Amino acid sequence: PRPAPPGLMWLQQREAGGGLRHTCEQGDGLASYGWLRHDADNFGVQELRDRGLLLRTEFVKRHGGEHGGDWSWRVTARPEGAGSPASLVSLFFYVATDGQGTLQPHVEDRTRLAAVSGTSEELGDFRITFLRPTSESGEGSTYSSYHYLDAWSPGLHRLTDVVRSSLSDRFVFSPLGGPRQRFLAVDTFRGLPGAAEAPRSHLLLHQVTLRLPARVEVTFESGSVRDRRGPLAGPALTAELARHEAAFERRFEETFGLERKGFPPAQRRFAQAALSNMLGGMGYFHGRSLVQSPLHEHPVPYPETSLFTAVPSRSFFPRGFLWDEGFHQLLLARWDPELSREVIAHWFDLMNAEGWIPREQILGEEALAKVPPEFVVQHSETANPPTLFLALQQLLGTAPLPYLRRLFPRLRAWYEWYNSTQAGPLPYTFRWRGRDTDPERFLNPKTLASGLDDYPRASHPSADERHLDLRCWMALASQVLAEAAERLGEPAEPYRHMQRALSDSELLERLHWAEELGAFADYGNHSRAVGLRREAGRAAPGRPPPAPRLVRVVREAPRPRFVGALGYVSLFPLLLQLLPPDSPRLAPLLAAMRSEKQLWTPFGLRSLARDSPLYMQRNTEHDPPYWRGSVWVNINFLALRALHAYGSLPGPHREQAAELYRELRHNLVANLYRQYAESGYLWEHYSDSSGAGQGSHPFTGWSALVVLVMAEDY
């Protein structure tokens, strides 16, 4: 909860000035960065490309003692590309406290921070040593300039500001016989301008400025390790890295079998990077959620809690998201089931007394610093798709019984919360709560609770809505609860009864089949003729008129009907495999999936049909289309999973499903690999017209499911 985190910053020393790099920021414009190999336990290798500079960071952990053991870190910096300007670079290695623990600097020659000794609750006594730089090969020494900073920060979220405010350009790099160059270095810290928070983080920072190429190593040694074989540095570190890399290669092939499937080395490295970035992006968060409950007039902070989780994106979404995490665990459970069970247990420990889990976890000052204010408050009546049941479906058979026994009461409470708070207007129907209610602002009010944000729903939110996707999620939840209850010897019939009812084809069709659409659909108070129109605002007396704004116009009165939007929601009975293999409704769904006028693209299935009225339509002036045409990997994964199943089961649609599966798998994998090769990143979603990556990046949350698609492991 209150760690002593080490970290790295860097700065390219250019005459025109360069930006200080620290936390992952899309605005920094790095050509690429990410883990190439990471096993979530012992080692990792990462490369960062920043405008002519290539940084390679490697770490190895050596277990031992009573506090987790030792680890070592190697950073290799070299220029990349002809005529690269990145010749003089500063690397900043630091360690900081977060409200507890002590740090003691050990300084040589007045400016070089040679080591830090410290103690903390979790780590006990430790020593961090900053070794002198060497050549890229690790041999000999290289001329360097050293500076160090001893400062206090209001918290870990302000470390970048502390360092940036301490930089001075009064220093000159003067190698013997070489060119002189003025550069920025940390100087005396005089406090953050305008900072009102009390200092709580002690920061010790070691700056080394050098010509490229060069290598720097850092060792962390735990005070409780008694039988240390020598420092984990130099040749010993090289040997350990090689050993772990070989073990990773073997384990990756044993787990996913991509070489056996004929994937070339470049595509196997792409899959390794996708998995490694999900593992390397995992984090441990501690703090309080801010919650608005119907029982309180204003938001209230929840009790302190901790969360160990994967994250969708290190740059843009570096925190836990409930519905994303279920997809993350489909991949992580293949790599390390025990790790996956630990993450899932953390999520269920976030549950309140009613059985609700906040959909977005903004825990701690660092997480809060990344979130726009309007998204901070979590609403206790708002759900999110219960995708953790997807992961649990995979883990049930092998999960230890004591684990399941501890988890089961939370599963049951979560399930009952959905049934009691998200119930629809008729028996066996469901409705997402928390839709946007401003009728003038949105072309179609968003449904953030569903995870599909701006996907078209009924144009006029009401209590009469029936949401198809939530009904299908509850069918899956009922099945998983029944299987868990049966394994534990608990009463399972209530869950089996609900599963049968929610999977009943006749009832599903009566509630959700839209004949005029030829597909399943939501139902609600809906107008088929809405649009956005620019409207001039009224000026207050004596003041200039406000800028015109887009407002919604309704050209046809809404009435209760099925929502005429063909897209991902329409496919949910197929995606979650609720339809029997001989269902006559499979034929029109498969046809819509394969139709280029509707959902088919050369890059994957688009989220909304091209012939849908709201296809690629903005929702507001400042709200571009999101789930209105783009290709999303998580839903394509569910589609491939379902097609793979229907293509292997006897039935009239078997061959069509199998053929669709082969084509869709090829298109999705080929485009994700091509975009990664061209851009250096996996992306949040992809253009349905060009295949280009869109949204946040790197997005190695559910987009990393491409690894399971390549492995055909569903």
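Visitor: Why is W335 called buried in this structure?

Guide: In this predicted model, W335 has a relative accessible area of 4%. Buried means under 20%, so W335 is buried.

Visitor: What makes F248 and W335 a tilted aromatic pair?

Guide: A search of the whole structure finds 41 aromatic pairs, and F248 with W335 is one of them. Their rings lie 5.4 Å centre to centre, and centres within 6.5 Å count as a pair. The angle between the planes is 55°; under 30 degrees would be stacked and over 60 edge-to-face, and the rest are tilted.

Visitor: Which parts of the chain does that pair tie together?

Guide: F248 lies in helix α2 (residues 235-256) and W335 in helix α4 (residues 322-335). The pair therefore ties together parts that are 87 residues apart in sequence.

Visitor: Is F248 buried or exposed?

Guide: F248 has a relative accessible area of 2%. The cut-off for buried is under 20%, so F248 is buried.

Visitor: Why is the pair of F316 and F317 called edge-to-face?

Guide: The ring centres of F316 and F317 are 5.0 Å apart and the planes stand at 85°. Planes over 60 degrees apart count as edge-to-face, so that is the name for this pair.

Visitor: Why does F316 count as partly exposed?

Guide: F316 has 44% relative accessibility. Buried needs under 20% and exposed over 50%, so at 44% F316 is partly exposed. F317, with a relative accessible area of 16%, is buried.

Visitor: Which residues do ring pairs link into a cluster?

Guide: The cluster consists of W323, F327, Y568, Y626, W627, W632, F699 and W702.

Visitor: How do you know that helix α7 and helix α8 are in contact?

Guide: L388, F389 and L392 in α7 meet L407, L411 and W414 in α8; the cut-off for contact is heavy atoms within 4.5 Å. By class, the contact has six nonpolar, no polar and no charged residues.

Visitor: How are the axes of α7 and α8 placed?

Guide: Two packed helices are described by the angle between their axes and the distance between the axes. Here the axes of α7 (residues 388-395) and α8 (residues 401-421) come within 13 Å and cross at roughly 145°. The crossing is left-handed.

Visitor: How many disulfides does the structure hold?

Guide: The structure holds zero disulfides. As for cysteines, C24 counts as buried at 18% relative accessibility, and C472 counts as buried at 1%, because buried means under 20%.

Technical notes
Residues numbered from 1 in each chain as written. Predicted model: local features only at pLDDT ≥ 70, side-chain atom pairs only at ≥ 80, totals over all residues. Heavy atoms only, no water. Axes fitted to C-alpha atoms, helices over the stretch in contact; angles between N-to-C directions. Helix = DSSP H or I, 4+ residues; strand = E, 2+ residues; numbered from the N terminus. Left-handed = near helix turned anticlockwise from the far one by under 90°. Nonpolar A, V, L, I, M, F, W, Y, C, P; charged D, E, K, R; others polar. Disulfide = S-S within 2.5 Å. Buried < 20%, exposed > 50% of the residue type's maximum accessible area, 1.4 Å probe, protein only. Phe/Tyr/Trp six-rings, centres within 6.5 Å; stacked < 30°, edge-to-face > 60°.
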